[in-house]
Amino acid sequence: MPPSWSQVNAFHPQLWRAVCGYELNPALRDELMQEVLLAIWQALPTLREHDRLLPFVLRVAHNLGASHVRTATRAPAPLQLDPAQHDVPDPATTDEAERARSEWLFEALVTLPLRLRQPLMLQLEGFDYGEIASLLGISQENVGVRLHRGRAILKTLLSQEDIA
């Protein structure tokens, strides 16, 4: 029997973070989240290993997120995002400092190339190198290289932020 929608709904925070890693614009983020949920709902009957529901839904989210980014790069340049309007609401997060860190991380992740962003986002969700390699269809060594390069860029961005 395929997993129920309530089981999928339990992974909403992970899906939301994945979507936030691909889109900063709140309206487009909501639209992407709807596309992800619809795609999961449509693909759910094809899931063979029901105990692998989280990797399955995250693979759908990351594939759609990557497709979204590719499509966005072909579109005309959007208007600048107003930082005062940018927020990443996380109901579980009430601490203002943690909210600021999350916002900074999402903004920094969006600046990374897609090939570096995806493994970092999956690692932040708790996946190990092997699982990330399987989800992205690359070798574990390549995962390590991409994670190292992505973290190095994030460290540089953080040090620049601290200086400013």
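Which helix does Trp-16 lie in? Trp-16 lies in helix H2. Before I go on, some housekeeping. This is a predicted model, where local features need pLDDT of at least 70, side-chain atom pairs count only at pLDDT 80 or more, and totals for chains, interfaces and linings use all residues. Residues are numbered from 1 along each chain as its sequence is written, and side-chain values use heavy atoms, with hydrogens and water left out.

First, the overall layout. The protein chain has 8 helices and 0 strands. Helices here are DSSP runs of H or I with at least four residues, strands are runs of E with at least two, and both are numbered from the N terminus. Read along the sequence, the pattern is α-α-α-α-α-α-α-α. Of the 164 residues in the chain, 37% count as buried. Buried means under 20% relative accessible area, exposed means over 50%, and partly exposed is in between, with a 1.4 Å probe and protein chains only. Take contacts, meaning heavy atoms within 4.5 Å. Among contacts between residues at least 6 apart in sequence, 67% join residues at least 24 apart.

Now back to H2, which covers residues 12-20. Trp-16 is buried, with a relative accessible area of 15%.

Leaving aside neighbours within four places in sequence, Leu-15 is in contact with Met-33, Val-36, Leu-37, Ile-40, Val-57, Leu-58 and Ala-61. Take Leu-58 from that list: Leu-15 and Leu-58 are 43 residues apart in sequence, yet 6.5 Å apart in space, C-alpha to C-alpha.

Which residues of H2 are buried? They are Gln-14, Leu-15, Trp-16, Ala-18, Val-19 and Cys-20. These buried residues pack against helix H3 (26-43), helix H4 (53-74), H5 and H6.

How many salt bridges does the structure hold? It holds 1. A salt bridge here is a side-chain nitrogen of Lys or Arg within 4 Å of a carboxyl oxygen of Asp or Glu. The partners are Glu-125 and Arg-17, and their closest N and O atoms are 2.7 Å apart. Arg-17 is in H2, while Glu-125 is in the loop between helix H6 (114-124) and helix H7 (129-136), so the pair ties together parts that are 108 residues apart in sequence. Arg-17 counts as partly exposed, at 31% relative accessibility.

Next, helix pairs. Two packed helices are described by the angle between their axes and the distance between the axes. Axes are lines fitted to C-alpha atoms, for helices over the stretch in contact, and angles run from 0 to 180 degrees between N-to-C directions. Angles under 35 degrees count as roughly parallel, over 145 as roughly antiparallel, 65 to 115 as roughly perpendicular, and the rest as oblique.

Start with H2 and H4. Their axes come within 10 Å and cross at roughly 25°. That makes H2 roughly parallel to H4. The contact is made by Gln-14, Leu-15 and Ala-18 of H2 with Leu-54, Val-57, Leu-58, Ala-61 and His-62 of H4. By class, this contact has 6 nonpolar, 2 polar and no charged residues. For the classes, Ala, Val, Leu, Ile, Met, Phe, Trp, Tyr, Cys and Pro count as nonpolar, Asp, Glu, Lys and Arg as charged, and the others, Gly among them, as polar.

Then H4 and H6. Their axes come within 11 Å and cross at roughly 155°. That makes H4 roughly antiparallel to H6. Leu-58, His-62, Ala-66, Val-69 and Arg-70 in H4 meet Leu-114, Arg-117, Gln-118, Met-121 and Leu-122 in H6. Here the classes are 6 nonpolar, 2 polar and 2 charged residues.

Last, H5 (residues 96-111) and H8 (residues 140-163), whose axes come within 10 Å and cross at roughly 125°. H5 and H8 are therefore oblique to each other. The residues of their contact divide into 7 nonpolar, 1 polar and 1 charged.

That is my last slide.
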